[in-house]
Amino acid sequence: MFQQVSLATAKRMASDQIIRENQITIYTYGLELVFSSLAGILALVFVSFLGGKPFWWLPYLVGFIPIRLTGGGYHAASHRNCIVLFTAFYAINLSIFSFFIIPKVTWVVICTVNVFILFIFSPVEAKNKPLYAVNRKKNRKRSLLLGMLNLSVAVSLLILQNSIPSWLILYFAGSTMACVSIMLAVVINSFRKERQS
């Protein structure tokens, strides 16, 4: 669906002379990414409104995106599957944090585990997105820095005895889901290697 809409949009842009004919393929790919990303965000906004927490999607994305971009992670077979999985994980998080109070020490433990995941595996290369040596080193440093920052905030809140605001809980949840995505990619990549050998 996204590919068809993107191709039609790129062809229209070419017929309106916004782009050249030989640029249709590259614009189709770029538009497909934009449209699927927007659909994913709209799905989170919709779930947030249904759950009575209209803005919780924002800190979740702020926590998820930077670690996902720098640390890599699982890529679904299609944009539709990606949106469905992403939305389902968000809905689970939203449900948990709407009904349960998570002790502050739990976030210290989770953020510590996240740092170990990033230290051992980051960045995880995707099948269709190879990483060059320079990018790998830079992304590794950035993902570890983000993980350590998250851990520092969690430890500070525990020491200061401050309660964790809901927006920060969703931020931690987003960054944790990015680390879950990294682990999922590691498991799937190792499974593929075993099947090929």
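The points below describe a predicted model of a protein chain, from its overall make-up to single residues.

1. Basis of the note. Local features are given where pLDDT is at least 70 and side-chain atom pairs where pLDDT is 80 or more, while totals for chains, interfaces and linings use all residues. Residues are numbered from 1 along each chain as its sequence is written, and side-chain values use heavy atoms, with hydrogens and water left out.

2. Overall make-up. The protein chain has seven helices and zero strands, and from the N terminus on its elements run α-α-α-α-α-α-α. Helices (H or I, at least four residues) and strands (E, at least two) are DSSP runs, numbered from the N terminus. Along its principal axes, the C-alpha trace spans about 60 × 45 × 30 Å.

3. Burial and surface. Of the 197 residues, 38% count as buried; buried means under 20% relative accessible area, exposed over 50%, and partly exposed in between (1.4 Å probe, protein chains only). The chain exposes about 12300 Å², and carbon and sulfur atoms supply 68% of that area. Accessible areas come from the Shrake-Rupley method with a 1.4 Å probe, and for residues only the protein chains shown count as cover.

4. Contacts along the chain. A contact means heavy atoms within 4.5 Å. Among contacts between residues at least 6 apart in sequence, 75% join residues at least 24 apart.

5. Helix α2. This helix (residues 24–50) has 27 residues and reaches 38 Å from its first C-alpha to its last, close to the 39 Å expected at 1.5 Å a residue. The expected span is 1.5 Å times one less than the number of residues. The buried residues of α2 include Leu31, Gly40, Leu44 and Val47, and the buried residues of this helix pack against α1 (2–15), α3 and α4. Just after α2, Gly52 takes a positive phi of about 75 degrees.

6. Helix α3. The 15 residues of α3 (residues 57–71) should span 21 Å at 1.5 Å a residue, and the end C-alpha atoms are 21 Å apart, which agrees. Among the buried residues of α3 are Trp57, Tyr60, Gly63, Phe64, Ile67 and Arg68. Gly72 follows the helix and has a positive phi, near 80 degrees.

7. Ser175 in helix α7. Ser175 lies in α7 (residues 166–196) and is buried, with a relative accessible area of 0%. Its side chain makes a polar contact with the side chain of Asn150 at 3.4 Å. A polar contact is a pair of N or O atoms within 3.5 Å; within protein, one must be able to donate a hydrogen and the other to accept it, and residues adjacent in sequence count only if both atoms are side-chain atoms. A polar atom of the Ser175 side chain also lies 2.9 Å from the backbone oxygen of Phe172. Not counting residues up to four places away in sequence, Ser175 touches Gly63, Phe64, Ile67, Asn114 and Asn150.

8. Gly73. This residue is in the loop between α3 and α4 and is buried, with a relative accessible area of 4%. Gly73 and Leu184 are 111 residues apart in sequence but 7.1 Å apart in space, C-alpha to C-alpha. Leaving aside neighbours within four places in sequence, Gly73 is in contact with Arg68, Val124, Ser181, Ile182 and Ala185.

9. Salt bridge. The count comes to one salt bridge, defined as a side-chain nitrogen of Lys or Arg within 4 Å of a carboxyl oxygen of Asp or Glu. The side chains of Arg12 and Asp16 form it (3.2 Å, N to O). Arg12 counts as exposed at 54% relative accessibility, whereas Asp16 is partly exposed at 42%.

10. Backbone details. Gln17, in the loop between α1 and α2, has a positive phi of about 60 degrees although it is not a glycine. At 71% relative accessibility, Gln17 counts as exposed. The peptide bond from Ser122 to Pro123 is cis, with omega near -10 degrees, and Pro123 is found in the loop between α5 (104–121) and α6 (133–160).

11. Nonpolar surface patch. Leu85, Phe89, Ile92, Ile96, Phe99 and Phe100 form a nonpolar patch on the surface, with about 610 Å² of accessible area together. Patches are made of residues with over 30% relative accessible area and no salt bridge; like charges are joined within 9 Å and nonpolar side chains (Val, Leu, Ile, Met, Phe, Trp, Tyr) within 5 Å. Ile92 lies in helix α4 (residues 79–99) and counts as partly exposed at 49% relative accessibility.
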